[in-house]
Amino acid sequence: MSTGSGEVPAHLRDAHYQGAAGLGHSAGYVYPHDDPQGWVSQQYRPDRFEDRRYYHPSEHGAEKEIRQHMMGRRNDKPGSETD
C-alpha cells in the first residue's frame, strides 16, 4: 500500500482569497445540506484514494442496513461497482 496524500479536489479548495476562482477553487461545489436527502454525489477524496474503501459492513445486525445504504450511494456514481 502506498502512503502519502493526493491533491484535494478543486471544488473543495478554499476560494475566499483573490485569484482562487481563477484557479477553479470551489467551482462546481454542491453543499450537501442544501439537498433534501442531505447527501450529494461528488468527489471528496483525492483521485488516488477515490476507489479505496475504508469500511466494510458485515451482513449482521445494523451493519446489514448500513451496507445496503452504502451500496445504494455507490451506485449513484457513474461507473461505480456494487461491492
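Student: With 27% relative accessibility, does G6 count as buried, partly exposed or exposed?
Tutor: This is a predicted model, in which local features need pLDDT of at least 70 and side-chain atom pairs count only at pLDDT 80 or more, while totals for chains, interfaces and linings use all residues. Residues are numbered from 1 along each chain as its sequence is written, and side-chain values use heavy atoms, with hydrogens and water left out. Buried means under 20% relative accessible area, exposed means over 50%, and partly exposed lies in between (1.4 Å probe, protein chains only). Because its relative accessibility is 27%, G6 counts as partly exposed.

Student: Which residues is G6 in contact with, leaving aside its neighbours within four places in sequence?
Tutor: G6 lies in the segment before α1, and its C-alpha atom is 7.1 Å from that of D47, a residue 41 positions away along the chain. With contact taken as heavy atoms within 4.5 Å, and neighbours within four places set aside, the partners of G6 are P46, R48 and F49.

Student: How far does the backbone oxygen of Q43 lie from a polar atom of the side chain of H11?
Tutor: H11 is another residue of the segment before α1, and it counts as buried because its relative accessibility is 15%. Not counting residues up to four places away in sequence, H11 touches S26, A27, G28, Y29, Q42 and Q43. From the polar atom of the H11 side chain to the backbone oxygen of Q43, the distance is 2.7 Å.

Student: About how much accessible area do Y29, Y31 and Y44 have together?
Tutor: Y29 lies in the segment before α1 (61-74) and, because its relative accessibility is 36%, counts as partly exposed. Patches are made of residues with over 30% relative accessible area and no salt bridge, like charges being joined within 9 Å and nonpolar side chains (Val, Leu, Ile, Met, Phe, Trp, Tyr) within 5 Å. Y29, Y31 and Y44 form such a nonpolar patch on the surface, and their accessible area together is about 310 Å².

Student: Which residue forms a salt bridge with E7?
Tutor: A salt bridge is a side-chain nitrogen of Lys or Arg within 4 Å of a carboxyl oxygen of Asp or Glu, and a search of the whole structure finds two. The closest N and O atoms are 2.9 Å apart, and the residue paired with E7 is R13.

Student: What is the N to O distance where the side chains of R67 and E59 meet in a salt bridge?
Tutor: R67 counts as buried because its relative accessibility is 19%, while E59 is partly exposed, with a relative accessible area of 46%. Their side chains meet in a salt bridge whose distance, N to O, is 2.8 Å.

Student: Over which residues does pLDDT stay under 50?
Tutor: pLDDT is the predictor's confidence in each residue, from 0 to 100, and the protein chain averages 85, with 86% of the residues scoring at least 70. Where pLDDT is low, the predicted coordinates should not be read in detail. That caution applies to a stretch for which the model has ten contacts beyond four places in sequence, namely residues 78-83.

Note on methods: Accessible areas come from the Shrake-Rupley method with a 1.4 Å probe; for residues, only the protein chains shown count as cover. Helices (H or I, at least four residues) and strands (E, at least two) are DSSP runs, numbered from the N terminus. A polar contact is a pair of N or O atoms within 3.5 Å; within protein, one must be able to donate a hydrogen and the other to accept it, and residues adjacent in sequence count only if both atoms are side-chain atoms.
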